[in-house]
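These are my notes from going through the structure, entry by entry.

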Amino acid sequence: MPETSPPVSMDFIRTIIAEDLKNNKNEGRVVTRFPPEPNGYLHIGHAKSICLNFGIALEHEGGTCHLRFDDTNPTKEETEYVESIMSDVRWLGFDWGEHLYYASDYFDQLYEYSVQLIKKDKAYVCDLNADEIREYRGTLTTPGKESPFRTRSVAENLDLFQRMRAGEFENGSRVLRAKIDMASPNLNMRDPVLYRILHMPHHRTGNKWCIYPMYDFTHCLSDSIEGITHSLCTLEFEDHRPLYDWVLDELDVDCHPQQIEFARLNLSYTVMSKRKLLELVAGGYVTGWDDPRMPTLSGLRRRGYTTEAIRDFCDRIGIAKRDSTVDLALLEYCIREDLNKRAPRVMAVLRPLRVVIDNYPEDRSEELDAVNNPEDSSMGTRKIPFSRVLYIEQDDFMEDPPKKFYRLAPGREVRLRYAYFIKCMDVVKDKETGQVIELHCTYDPDTRGGDAPDGRKVKATLHWVSADHAVEAEVRLYDHLFKTPDPDAGKEGMDFKTHLNPKSLEIISSAKLEPGLQGATPGSRYQFERLGYFCVDLKDSTKNRLVFNRTATLRDTWVKIAKSQG
RNA sequence: UGGGGGAUAGUAUAGUGGCAAUACGACGGGUUCUGGCCCCGUUAUCCAAGGUUCGAAUCCUUGUCCCCCAGCCA
């Protein structure tokens, strides 16, 4: 039976592109681009853009998506970022083929274009300093004033600009400006700066240049040079579109891409601005760009997220123009759904409570069969050892259980998963603290494997690990980095860092794992039954010292019940 | 008091003149050797007010609210 693909409702951008294709607007070509500035690490918001741009290219016969580094500001950009960005895009599963570009590769062409503009008397060298330019720009409600240098002759502009390039002038002493309209209601059109002097080596062009083009001049021309058909960007560039179009119109290039803006991604309990993420890294609030609590792709990867989950998430959130904040719960849903299907189940006890099975022989141990993944029988089964002394989760025992607590309690019988029914006979407490430190139970040999021949039922099934066979590991329990849904929302002057969740990381230094986990490979993912999804840390886990990161908890109905009971 | 955008359930996204749809969340129930997964049910008259129309989320009018713009950042 051939599967019919579900009706995909098109977002407004895909609708525009389909319309353009129908009208043969770009001779049937679809060329998009993902244009990051290499000044930081990619985050889940970039993934939205990457999935959009590469996704659209993939949906069309012959469609391509370019990866272009928008590297026009050497004061902020570094090769380290270039590399991380490339590996993140690749990790997401996208391929730019031979279409890897750098805006800095166009510096010569861009220079020629600006000379053209000067020759058309559409650009001039301005000697006003930054403060003066701001002053002359006017305000939102009042028009700007024309610069006294606006009327310089073409010849003088050409000479001055050439000397700017030659390095005759200091940083900030002169700029090249477009000659548009100082009274425009759109501030971007009030003679925007096209080039500034920056005596600073560039990560790719070295010391070749001491003048660097601005975004507005570079971006549209880079798009044009590459033959981009649809230039997709975020909402804040909407005001720049008239300038994007002005530059391309004045220069009469043969390719004039269409800029289309969409809303950037916001996620609850998360900050997304590069500035804020950098602040978290620089201030030591997290361990780095790839801290598993960070919304960066490297952080999510280390946390255990899969590319499939992230791409599914990007498909689900859609594309629109209104500002919105997606619920973090949706991202968590996506990773759970993916991992539910593929992660092998294992048993691990995070906070061990010792259980002695009094009627189980001292020196005996046996191997029991356990299913690796109930969602996928092809993943097979494994053996797990059982013996007289076990660990169960501290949370799975209560001396004085409230209503609806189905787990172990004095006199109560529960099932140990894939093993036996056990009954709690005695509770040993620390004399000083009163804390429960050990349980004495009996087991029913007839329930081997987990089923009672007499058909009696048990309300709970607990995970467990044999004490003698257990492997120890460090387990890092991650939670939301911020305790409020909108950490950005603070009043004026309020620091977003005050919303940091002090409990975003809890380290369990010696969890007990079933022995099969010995030597687990970094990056591999498991479901710890009844607890959540965990992955072996890519950086800190070693052969002798396993380190697991919690990717996500399982949905937990019991905590809800417990909470509602107070 | 300028310009550019945007308002559909708790959240996100469809619907663009004909029964407001889907997903997540929440709540209730079923099932269960994971209190997981899975299954079932509940959860909005579409920013407001007028108007056009047999019929409006959709078209018109007038408002209201929210976001972005005064970098030699992108």
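I took a polar contact to be a pair of N or O atoms within 3.5 Å. The model is predicted, and every distance below is computed from it.

Entry 1, contacts with the RNA. I looked up Tyr 418 and found one of its polar backbone atoms 3.3 Å from a base oxygen of RNA strand B. For Arg 417 I noted a polar side-chain atom 3.0 Å from a sugar or linking oxygen of RNA strand B. At Thr 557, an N or O atom of the side chain lies 2.7 Å from a phosphate oxygen of RNA strand B.

I read off 69 residues surrounding RNA strand B, with Thr 72, Arg 345, Arg 407, Arg 415 and Gly 449 the closest. By type, I have the residues of this surface as 26 nonpolar, 16 polar and 27 charged.

I placed Pro 201 in the loop that runs between strand S6 (193-197) and strand S7 (211-213). Leaving out residues up to four places away in sequence, Pro 201 touches Pro 74, Gly 206, Asn 207 and Tyr 212. I also looked up its C-alpha separation from Arg 448, which is 247 residues away along the chain, and got 72 Å.

Is His 219 buried or exposed? I count His 219 as buried, because its relative accessibility is 4%. His 219 sits in helix H7 (residues 215-226). Its side chain makes a polar contact of 2.7 Å with the side chain of Arg 33. Beyond four places in sequence, I listed Arg 33, Pro 35, Arg 68, Asp 70, Ser 231 and Tyr 244 as the residues that His 219 touches.

I compared the length of H4 (residues 107-119) with expectation: at 1.5 Å a residue its 13 residues should span 18 Å, and the end C-alpha atoms are 18 Å apart, so the two agree. I noted several buried residues in H4, including Phe 107, Leu 110, Tyr 113, Ser 114 and Ile 118. After H4 comes Asp 121, with a positive phi near 60°.

Key
Residues are numbered from 1 along each chain as its sequence is written. Chains are lettered from A and ligands numbered from 1 in the order in which they are written. This is a predicted model: local features need pLDDT of at least 70, side-chain atom pairs count only at pLDDT 80 or more; totals for chains, interfaces and linings use all residues. Side-chain values use heavy atoms; hydrogens and water are left out. Helices (H or I, at least four residues) and strands (E, at least two) are DSSP runs, numbered from the N terminus. Buried means under 20% relative accessible area, exposed over 50%, partly exposed in between (1.4 Å probe, protein chains only). A polar contact is a pair of N or O atoms within 3.5 Å; within protein, one must be able to donate a hydrogen and the other to accept it, and residues adjacent in sequence count only if both atoms are side-chain atoms. Contact means heavy atoms within 4.5 Å. A residue is near a molecule or strand if one of its heavy atoms lies within 4 Å of it. Ala, Val, Leu, Ile, Met, Phe, Trp, Tyr, Cys and Pro count as nonpolar, Asp, Glu, Lys and Arg as charged, and the others, Gly among them, as polar. The expected span of a helix is 1.5 Å times one less than its number of residues.
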